[in-house]
Each structure stands twice: as C-alpha cells, then as structure tokens.
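Work through the exercises below with the sequence and the structure open. Each task is followed by its solution in steps.

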Amino acid sequence: MKLNPASDHVYFNDGFKCSSISINTNLNESSNADVNGADSGNGSQGSNEFILTDDGKKIIPPTKPMSCAKSWLQEKTRKTFKKKNLHKRIPILRWLPKYNSEDAVGDLVAGITVGLTVIPQALAYSGIAGLPAAYGLYGSFLGCFVYIFLGSCKDVPVGPSAIVALLTFQVAHGSWQKSVLLCLMCGIVEMLMGLFGLGFLIDFVSGPVSSGFTSAVSLIILTSQVKNILGISAKGTTFVEIWTEIIHNIKDIRASDTILGITCIVVLLIMRLLPSCKIGPKEPHLRSKTQNVINKIIWIVGTSRNAILVILCCIMGVLLHSYHEGTPFKVIGYIPQGLPSFALPPTHLSVNETLTGKEETFVDMMRSMGSGLIVIPLISLMENIAICKAFANGKPVDASQELIAIGAANIANSFVQGFPGTGALSRGAVNNASGVRTPLSNIYSGALVIISLIFFTPYFYYIPNATLAAIIIAAVVFMVEVKVVKPMWRAKKSDLLPGLVTFVACLVLPLEMGILIGVGLNVIFILYSAARPKLSTEILTTPGGTEYLMITPDRCIIFPSVDYVRNLVNKQSLRNNVPVVIDASHIYGADFTAATVIESLLRDFASRRQLIFFYNLKPSICALFESLSPTEFVVYYQEQQLDELLKERDYSQDKLQTVGV
C-alpha cells in the first residue's frame, strides 16, 4: 500500500502492520534525517535505486562510472581481506600461530629426509627433460620456499616430477631456454586457473584415463632410461621412436654401464623393502628401546636409498677415474658450482640457440609450446591432488588453492632457471612417513639443495648416468597401474575403453595429444549417457482396479535426450493401449527444448485420445512445461488421485485446458 508518495517519497509496507517486529515508521522523525543522507535511526529507509517525482514517476538517479568502480573495488577489498578468506588463500596464517616445538622437530626430520631424496631425483629427472643435471637442482629450492606460504597440504614437497619432466621434454625438446620460459608460462596459467576457481577441471580426468596416462608415461620414462643403462645414444620423444633408436644402436652397447645399471636396479629394489622390515614384536610398545632404534635406522637407510647409492657410486667414480682414460662408465659431467643467477626467463632465441637454425621470437617460442601450456598445468595439478587426497584423512582438498601454490612456485623457479615442477607422490609418501607436521618442512629440503649447489657440485661430476637411470627405473616401474585392470573389469567393463585408448595414444602420439584424446573420449561417454537415459516401464493397477503404464526416466530430461525419450514413450504407449503415467521423481532439471518436446508429446497423445499424466513433477519444471503446453497437462502428487483423474475423464480427452492437481 502506498501513502502520499508525491509529498513524502516513502513507501509503507502493509506487512509492517501484521509483523511481530517493532518498526517505528514516524514520518516526522524520518524526515529529520541528516541532509547528507545519514539515518536518524527511526523509520524505514527505501532503496536508493530510484527517486519518486511529485507526479509519482520513478527516475533512476545518474551514476558516475568512477563511483561505481570505486564501490566495486571497496567491496572486493573488504571481502578479500576478511580473516576467513586470508586464511584460505594464505594458509600459513592458519597454522603458524599454533606452531610449537613438536612441529619443529617433525618438520626438521621430514625436511632433511625429503632433501636426501629430492637431490638425486632432481639430477635424474633433469635427464628426462633433456637438460643438464644442474637444472633439476635449480628447480628444487625456491619453489619450496614459496609453497610454505601458499600451500594447503603439509605432505607436498615441490620439485621436479618424472611425468612433468617428460612433458617438458616433449614440449621444449631439450632447450633450456624454452624449458625455463615454459616454467614461467605454466606457473602463470596455474595461477590464473586457481584465482578463477578452475580447479574443478581436474574432475574431467577420470580414474581410467588417469591410470592409462600414468602407465603409458611410466613405460616411456623407463624406455628413455634404457639407453643410459646400456650406455648408448637413442633420440626420440615417443615410445615407438625411442625403441626404434635403441634397436638400431644396440651394437654400441657398453658392458661397464650395463653391469653397473642392472646392479643398481637390483640393489634399489632390495633396499625398497627395508622400510617395511621390523625386528621384534609387531606392536611398537612391546619392543625394546634398542629394537626401536635399529628399526628407525633400517627405515632411514631404506628411505634414503637413492642418496646412499648416488654417494657410493660417486665415490666409486672418483676412485676409478683416470686422467688419461676417464671413468669406465659415462658420468653426468660438469655442473656449475653456486646458485643460479636471478633473472627473467629468456624470451628470444638466436640462430645458434635453436634446433632449426632460425631465430625465434617470443611469439614463436609460445607457438611451439602449443597445448603443453594447458596439459602440463592439468597434469601438475593431478599429481599434486593425488598427494593431498592420499594423506588428507578424509578432509576436503582445495584444488584451486593448490593451483595457486604450485603456480607461484613455478613462477619463482623460472627466475632461477628451473623447469616446470609439482609435488611428487614418492616424495610425498616419504614426507608423510617421516612425521611431517606443516609445509615448513620444505625449508629444510630447499636448504639442503642450496648447500649441495654451493659445496658439492664438483663431486657430482663423477656420478654415473647408469646410476641415475637405475633410480628412475626403480621408481617408475611401480607406477604402471596393472592392478586397476581386474577390479575395473569386474565393476564396469566399459571403463576400460577410455583407459586403454589413453594408454595406446600416449605411447604412439605426444603425451599432450594422448591425454586430450582420453579426456575427449570420456566427455563423449558422458554426453552419450546424458543423451540416452534409461526408461523403466511397468504395467500397474490403481486402487480402483484400472491398469496403467508407468514409465520412469532415471535422470533429467535435457535437449540431447528429449527426442529419444519422446520416441520411447510413444512406442511403449502404442504397444500398451492404456493410460500412461510418467514418474518424474528423478527428473531434477529440464530446459526449453525439453518443454517443446513435451508439448509435442502431449499433442501425440491427444491426437490418438490416449491419456497421459505426470507424477511427482518438481514445481519449477512443472511451470516450465505448463507454459508451452496448449493441450491438457496434468500433474498429480498422490497415488490415490489417479483414480479420480481417470473417472473425471471417463477415458476420453474431452477437456483441453491445463489442469494441475
């Protein structure tokens, strides 16, 4: 109700009269408000979106673009700096105030243990990326420090990863300039995806596709290291290309490298069993103090097997080195001592720095990366989320925040000449088993890498390539997910198809094409499922003894499926010349196309004078269907109403108006 709008410019709501809330609507007090718009505290204030003139017309007041922008910016700033949002986007603010001495001890032990793991892995994974060993170390320290502030998972140790290293090689083709620029661009893409909340994209990579991709990558990585075990050269990026080169150059095999490599693989596989070996009773509280100490030493030796093997083989390389003949096996060679220079990633390649012998601009370099700029961030997120979920103990994982964290880490790494990295599941398992408490453990891992760069790189010269190859092979051989095939076959055989297609495509084609084919096939499966809902049909009898056909769709009706549903309903209704009831209990959504097809379906039934009713249709969908249905559209919600509807129509379609019950 409106009272004197022209004089007072105030609306009164009739709801005030019957409301239990006491609201003072004194016009005189309201009119005494401050001239600047301050409320006197009495009366009800209306919206300032329009002004009433003396004749009662609405006029929208003019708004300045700058004032709107200022208001929007103030609102965004207020929301951004809320305590809840700050804790979500900068997780260190959540756990640092609660940090104690027990956390410090746990993080110190875990950080040092992971550091002993990451150094040999960094040296080895740089070889997978086709880069000198130093670049693996360059990408293993600064990103760790960044993740401490932005990471939401305590178990993630940021650094090189076997899968991402292989993708880097297939995109950058062993060019350190492109690899470093790729690190920056992937970091930017990951950061933007996180800020825009696109972490849900990882949900489009299903379990079978992920298993097929991981298994194919494992075989490619294993294949790429066979040449180092044999001491031969073999170029190529795909599984078939590498094996073709290996077979072609098999005559150049070096016995010393082969023997060393096979021996290292056997030793690593044996040492892998040590962490699970325990002496004394099974229950820890029943063991003596000496037994617990021995078990801890055994666990440390088994966990640090990569570092121990690298140190022993490095000492062997030093002892067997001859100034005239060198070492009897191939070594990784010279690594520059000291930390890398802090500089912007290369954005231009000269003629001497390209494989084609042509100068490349920034645009050319970006064009050559292609789909890798999307695939590598997605795979990085997939690896990171796998770690988070493995040790989350049922807690929710914020995929978007992890994208922001690894994106910032990669951006930082690109300024110290690192290639793209992410969390690795093997290091995450070591981190968790070592008793990690917070992401601060990354500071100790990064510090160990810095110490090795400053003091130990001259000794890395003598590390055999076969030893690093053995470390990689012993790690990735367990990534081939053969175990998932049997339960997948038992559960749903059709899920094997996208996994198998992804596996084969990744072996034959570049990895980014393989994963895109797998995801594309999965999307086709989803669309087909949406376009072909299952309809169950059953002849039932009403309480009054009348037979009718109940048709129950198992999902929502949207544009890809409506024609299919219409044809099936018509087919079943013609076969059974009885009234038809559509059980809409599972129809939770519909669209305009569905409404038009329902209109056509009602016309089909009206033309042959056959009754059709809708049971338990959601009110919102009912309104949508009703708006386009010129013929009788009947909805009921209680089973006993069906007899009344049938009696009312006496088995004829005489009434043409829309009826809702």
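**Exercise 1.** Is Gly 317 buried or exposed, and what is its relative accessible area?

*Solution.* The model is a predicted one, in which local features need pLDDT of at least 70, side-chain atom pairs count only at pLDDT 80 or more, and totals for chains, interfaces and linings use all residues. Residues are numbered from 1 along each chain as its sequence is written, and side-chain values use heavy atoms, with hydrogens and water left out.

Step 1: Gly 317 is part of helix H16, residues 305-320. Helices (H or I, at least four residues) and strands (E, at least two) are DSSP runs, numbered from the N terminus.

Step 2: read the accessibility. Gly 317 has a relative accessible area of 0%, so the residue is buried. Buried means under 20% relative accessible area, exposed over 50%, and partly exposed in between, with a 1.4 Å probe and protein chains only.

Step 3: list the neighbours. Leaving out residues up to four places away in sequence, Gly 317 touches Thr 327, Phe 329 and Tyr 462. Contact means heavy atoms within 4.5 Å. Tyr 459 is 142 residues from Gly 317 in sequence, with 9.6 Å between their C-alpha atoms.

**Exercise 2.** Describe how H7 packs on H16.

*Solution.* Two packed helices are described by the angle between their axes and the distance between the axes.

Step 1: take the geometry. Helix H7 (residues 101-128) and H16 pack at about 55°, and their axes are 7 Å apart. Axes are lines fitted to C-alpha atoms, for helices over the stretch in contact, and angles run from 0 to 180 degrees between N-to-C directions.

Step 2: classify the angle. H7 and H16 are therefore oblique to each other. Angles under 35 degrees count as roughly parallel, over 145 as roughly antiparallel, 65 to 115 as roughly perpendicular and the rest as oblique.

Step 3: assign the hand. The crossing of H7 over H16 is left-handed. A crossing is left-handed if the near helix is turned anticlockwise from the far one by less than a right angle, and right-handed if clockwise.

Step 4: name the contact residues. From H7 come Leu 116, Thr 117, Pro 120 and Gln 121, and from H16 Asn 306, Ala 307 and Val 310. The residues of this contact of H7 with H16 are four nonpolar, three polar and no charged. Ala, Val, Leu, Ile, Met, Phe, Trp, Tyr, Cys and Pro count as nonpolar, Asp, Glu, Lys and Arg as charged, and the others, Gly among them, as polar.

**Exercise 3.** What does Ile 148 touch, and what does Lys 88 touch?

*Solution.* Step 1: Ile 148 lies in helix H9 (residues 142-150) and is buried, with a relative accessible area of 4%. Beyond four places in sequence, Ile 148 is in contact with Ile 92, Trp 95, Pro 439, Leu 440, Asn 442 and Ile 443.

Step 1: Lys 88 lies in helix H5 (residues 83-89) and is partly exposed at 41%. Not counting residues up to four places away in sequence, Lys 88 touches Arg 94, Asp 398 and Gln 401. The C-alpha atoms of Lys 88 and Ser 152, 64 residues apart along the chain, are 8.4 Å apart.
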